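My entries follow in the order I made them.

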Amino acid sequence: RPRAAAMANTARGAGYESSFAYKTIKMRFLNIANIHAMRKSGKGLHAHAQPGASDDNWFSVLGTWLGHIKLILSGALKIIRYLEESTPVLLHCSDGWDRTPQLASLVQLMVDPYYRTIEGFIILIEKEWCSYGHKFADRCTHYFTRTPSHSETSPVFVQFLDCIWQISQQFPSAFEFNLKMLVFLSSHVYSGLYGTFLCNSPQERVEAGLVEKSVSIWSHILDHVPQFSNPLYVSTDQVLRPLVSLKALQLFKHIYFLYNPSLIQIP
């Protein structure tokens, strides 16, 4: 989170780790905005992506969104540098279920080639997002599981998929899964068709009986592996270090223009 946000929380009686109490630590604020800023930026992007929407301020809206993507990717690269120096890293955001899984997942995917396979990617999401307690119901406004608060919605998981797509554009043969899998996940995290992304925690999914009442999205993917496979895939142990300059980042048109097909070719 930004240092200013941490200072503001301190003024309200909360706070963050003190370097005076922990003499051997170094604190690094990665300046990634909170869910409210991401929601505002995402709404602006989607409003401009609708058929017939005005082009006014498009580059400003796009620049703001890609600026968030840049900070997330930059944060992951910083963490990797610390790990390569054999420096332990404790990673957390305000609550621990939004920016934390974004960064933790990206670091693992960029460092470990297993998480770039279809099986590994499924395990990564299940481990760092579903089991860790990302609030899918609140962030994705799932009316069928609760009465959501619109102040809790935010495209955090979709941002994670966007970051992966950005990396895949620079390393097209590094991932066993393809564009279609990213689009499929970005659609069904909202659709409610699969029980995997319903509720806010594993406990809630157990209490709702979703194992018996719903289908896992992973079952569908594993039953249709050829559809989600990248024909260019070549397994490599290379650590992926994408360029994160705004000049190197692009709009992930296949998810943001999904309902404006005149601007893209749907996979």
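This is a predicted model: local features need pLDDT of at least 70, side-chain atom pairs count only at pLDDT 80 or more; totals for chains, interfaces and linings use all residues.

**Gln166.** Leaving out residues up to four places away in sequence, Gln166 touches Leu66, Ile69, Leu73, Leu249 and Gln250. I placed Gln166 in helix H7. Is Gln166 buried or exposed? Its relative accessible area is 2%, so I logged Gln166 as buried.

**Overall make-up.** I then stepped back to the whole chain. I found 12 helices and 0 strands. The protein has 267 residues, and 48% of them count as buried. I also checked sequence separation. Among contacts between residues at least 6 apart in sequence, 71% join residues at least 24 apart.

**H5 against H7.** I returned to H7, this time for its packing. Helix H5 covers residues 118-130 and helix H7 covers residues 156-170. Their axes come within 13 Å and cross at roughly 145°. The crossing of H5 past H7 is right-handed. Which residues of H5 and H7 meet? From H5 I listed Phe121, Leu124, Ile125 and Trp129. From H7 I listed Val156, Phe157, Phe160, Leu161 and Ile164. I sorted this contact by residue type: 9 nonpolar, no polar and no charged.

**Helix H4.** Next I looked up H4, residues 99-111. Its 13 residues reach 18 Å from first C-alpha to last, close to the 18 Å expected at 1.5 Å a residue. Why did I note H4 as largely enclosed by the rest of the structure? Because 12 of its 13 residues are buried. The buried set includes Arg99, Gln102 and Gln108, along with Leu103, Leu106 and Leu109. I asked what covers these buried residues, and the cover includes helix H3 (58-84), H5 and H7.

**Helix H2.** H2 has 15 residues and reaches 21 Å end to end by C-alpha, close to the 21 Å expected at 1.5 Å a residue. Its buried residues are Ile35, Met38, Arg39, Ser41, Gly42, Gly44, Leu45 and Ala49. Their cover includes H3, H6, H7 and H12.

**Phe136.** I picked Phe136 in helix H6, residues 136-139. Its relative accessible area is 0%, so Phe136 is buried. I listed its contacts, not counting residues up to four places away in sequence; among them are Trp129, Cys130, Phe157, Val189, Phe197 and Arg205. Trp129 also belongs to the H5 side of the contact with H7, and Phe157 to the H7 side. Phe136 and Trp97 lie 39 residues apart in sequence and 9.9 Å apart in space, C-alpha to C-alpha.

**The nonpolar core.** I finished with the core. How many residues does the largest nonpolar core have? I recorded 69. Those with the most contacts inside it are Leu106, Phe121, Ile125, Phe160, Leu185, Phe197 and Ile221. Helices H2, H3, H4, H5, H7, H8 (179-191), H11 (217-223) and H12 (253-256) each supply at least two residues. The largest share, 12 residues, comes from H3.

**Leu185.** I followed one of these residues further. Setting aside neighbours within four places in sequence, Leu185 is in contact with Phe121, Ile125, Leu161, Phe197, Ile217, Trp218 and Ile221. Phe121, Ile125 and Leu161 are residues I had already listed where H5 meets H7.

Key. Residues are numbered from 1 along each chain as its sequence is written. Side-chain values use heavy atoms; hydrogens and water are left out. Axes are lines fitted to C-alpha atoms, for helices over the stretch in contact, and angles run from 0 to 180 degrees between N-to-C directions. Helices (H or I, at least four residues) and strands (E, at least two) are DSSP runs, numbered from the N terminus. A crossing is left-handed if the near helix is turned anticlockwise from the far one by less than a right angle, and right-handed if clockwise. Contact means heavy atoms within 4.5 Å. Ala, Val, Leu, Ile, Met, Phe, Trp, Tyr, Cys and Pro count as nonpolar, Asp, Glu, Lys and Arg as charged, and the others, Gly among them, as polar. The expected span of a helix is 1.5 Å times one less than its number of residues. Buried means under 20% relative accessible area, exposed over 50%, partly exposed in between (1.4 Å probe, protein chains only). A nonpolar core is a set of buried Ala, Val, Leu, Ile, Met, Phe, Trp, Tyr and Cys residues joined through side-chain atoms within 4.5 Å.
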